[in-house]
Amino acid sequence: MLECCSVDFSYKAQTQAIQQVSLTIHAGEFLAIAGRNGSGKTTLTRLLMALRKPTSGDILLHGTSTKPYSPADMAHHIGYVFQNPDRQIFRDTVFSEVSYGPEQLGYSPEQIQAYTQEALAVTGLSALAGAYPSTLSRGQKQRLAIASALAMQPALLILDEPTSGQDAQECQKLLALLNKLHAQGKTILLITHDMEILAHHAQRVIVMDHGRKGFDGSPAELFQHEDLAAWGLSAPSAFTISRSVAAFGIRQTCLMEPLIRELSQKLRRKP
Amino acid sequence: MMQKFAPLTKLLLTLFITLWSIMLQSMTALGLLIAGQLLLLVASQVRATVYKGIASLLLFAALLAGIQLALSGDTTLAITTALKMTAMTLVFFILLATTRMQDLSIALVSQCRVPHEYAFMLTAALRFIPDFLNESKAIQEAQACRGYRSQGNPLKRLTAYAAILKPLVLKAVSRSETMALSLELRGFANRRMSSFRSRVVLTARDYAAVMVMTGLSVFILNFC
């Protein structure tokens, strides 16, 4: 659905923030972007959203160049959830905050009502529809930002480190929500530093390295890659443990649950 | 060049140039005053962004001259007003582009005897302008992703701008609260024992500059 063709981008003449990045995002994928701070992750997603324009190369949406599109045009197709939800909250109630997007995109009053209610229901915020947004917890605000994006009916949802600064419970709720949206057919693109999240949820990972695409493959392939540490990443605990006990016939896995299951079975079998 | 002078000298320069701009009536003299200030900026090797600000100032001055001309029909008055405004404002660019905010604050407190709270308020407000602009840009981007467009007639644009203004004000208030708390926790109120790391004492260069400025003022007062 979205394709980057040899995209270059620089903020200033000297520094090349994105260099020759080519990739395709397919409909229905759960994709993660990882990499060091300043490696170009956020810049790449900003280019996808048309917040920035490539200095060379092109970004295609369903085969059409996005060069003439504004971010408001892209909002029909892509929902962008920023790291800091406070930057967008400005209305008096949660309901009216979520309905801002559909209003801007010119939907009918009936559609606005329906899309807003649907987005609130999906994100578990229906009970807080009348609440003053500033009184919400950090996790609730993040879900409000997701609801605001979902109400515009985008096919692709981009989330920039949505779990940062959240407690474990809110984090789990958020990831369960993303899984639910993915199961409903939404394409999810997640920027994350958390390798556990990446291992558990992403189908495909792109690693950005000094503005270039360093890796594009599955999480399992990524954790075995020799450049993993050079990209500023580390394998999740389950992968490291399973690799160190591989000699005892334990299968290599990125996930903790199957590892614990297999280890308990092995230990039970021992006299 | 201007970085070598003490903040107090630059504050005095600001005061003198403001007075000269009021006193001078001739277009040539005002033009020379502006040219002199531009030369000071060039000699001080200020950042390119300062010149962008000056370009906006010149544009605003031209607009002001246009309005004045349309209202009064007096070309000389319109040009003189615009030149006076440019000369008065340009000196603040010199002051702010060549002085560290903390040095300015120290000079205001220790040499101009401005109460510390007021001096801090002034310098903090100036210090946070770039942050405020960056925050405004970030909010505009966040709202653009939700369909915000700055289009249509001025009234429509103004109404739409609420989507930017409200989060910006909320963030600024929240930030000021955090900052106030942080300052209190770091002993802001403890004025009796406080000291400054930097020194902003006047040197021979500063005294010479003050004498030149006073001499110029006497000259303008008598001959212009």
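Predicted model: local features only at pLDDT ≥ 70, side-chain atom pairs only at ≥ 80, totals over all residues.
Are Tyr107(A) and Tyr115(A) buried or exposed? Both residues are buried.

Seven aromatic pairs are counted over all chains. In one of them, the ring centres of Tyr80(A) and Phe82(A) lie 4.6 Å apart and the planes meet at 45°, so this pair is classed as tilted. Tyr107(A) and Tyr115(A) form an edge-to-face pair, with 5.1 Å from centre to centre and 85° between the planes.

In soluble globular proteins, nonpolar side chains tend to be buried together. The largest core here has 38 residues, and the members that touch the most others are Leu2(A), Ile18(A), Leu44(A), Leu48(A), Met49(A) and Leu189(A). Another core lies apart from that one; it has 30 residues, including Leu150(A), Leu181(A), Leu190(A) and Ile197(A). Ile18(A), in the largest core, has contacts beyond its neighbours within four places in sequence, among them Val7(A), Phe9(A), Leu44(A), Leu47(A) and Met208(A). Asp8(A), Gly40(A), Thr43(A) and Gly211(A) are also in contact with Ile18(A).

Further along chain A, Thr253(A) sits in the loop between α9 (237–244) and α10 (256–269). Is this loop residue, Thr253(A), buried or exposed? Its relative accessible area is 15%, so Thr253(A) is buried. Setting aside neighbours within four places in sequence, the residues in contact with Thr253(A) are Ala238(A), Phe239(A), Ser242(A), Pro258(A) and Leu259(A).

In chain B, helix α1 covers residues 7–23, a run of 17 residues. From first C-alpha to last, α1(B) reaches 24 Å, close to the 24 Å expected at 1.5 Å a residue. Its buried residues include Leu8(B), Leu13(B), Phe16(B), Ile17(B) and Trp20(B), and also Thr9(B), Lys10(B) and Ser21(B). Among the elements that cover the buried residues of α1(B) are α2 (27–43), α4 (75–98), α5 (101–111) and α10 (204–223) of chain B.

Helix α10 of chain B also holds Gly215(B). With a relative accessible area of 38%, Gly215(B) is partly exposed. Gly215(B) and Val114(B) are separated by 101 residues in sequence and by 27 Å in space, C-alpha to C-alpha.

Note on methods: Residues numbered from 1 in each chain as written. Chains lettered and ligands numbered in written order. Heavy atoms only, no water. Helix = DSSP H or I, 4+ residues; strand = E, 2+ residues; numbered from the N terminus. Buried < 20%, exposed > 50% of the residue type's maximum accessible area, 1.4 Å probe, protein only. Contact = heavy atoms within 4.5 Å. Core = buried A, V, L, I, M, F, W, Y, C linked by side-chain atoms within 4.5 Å. Phe/Tyr/Trp six-rings, centres within 6.5 Å; stacked < 30°, edge-to-face > 60°. Expected span 1.5 Å × (residues − 1).
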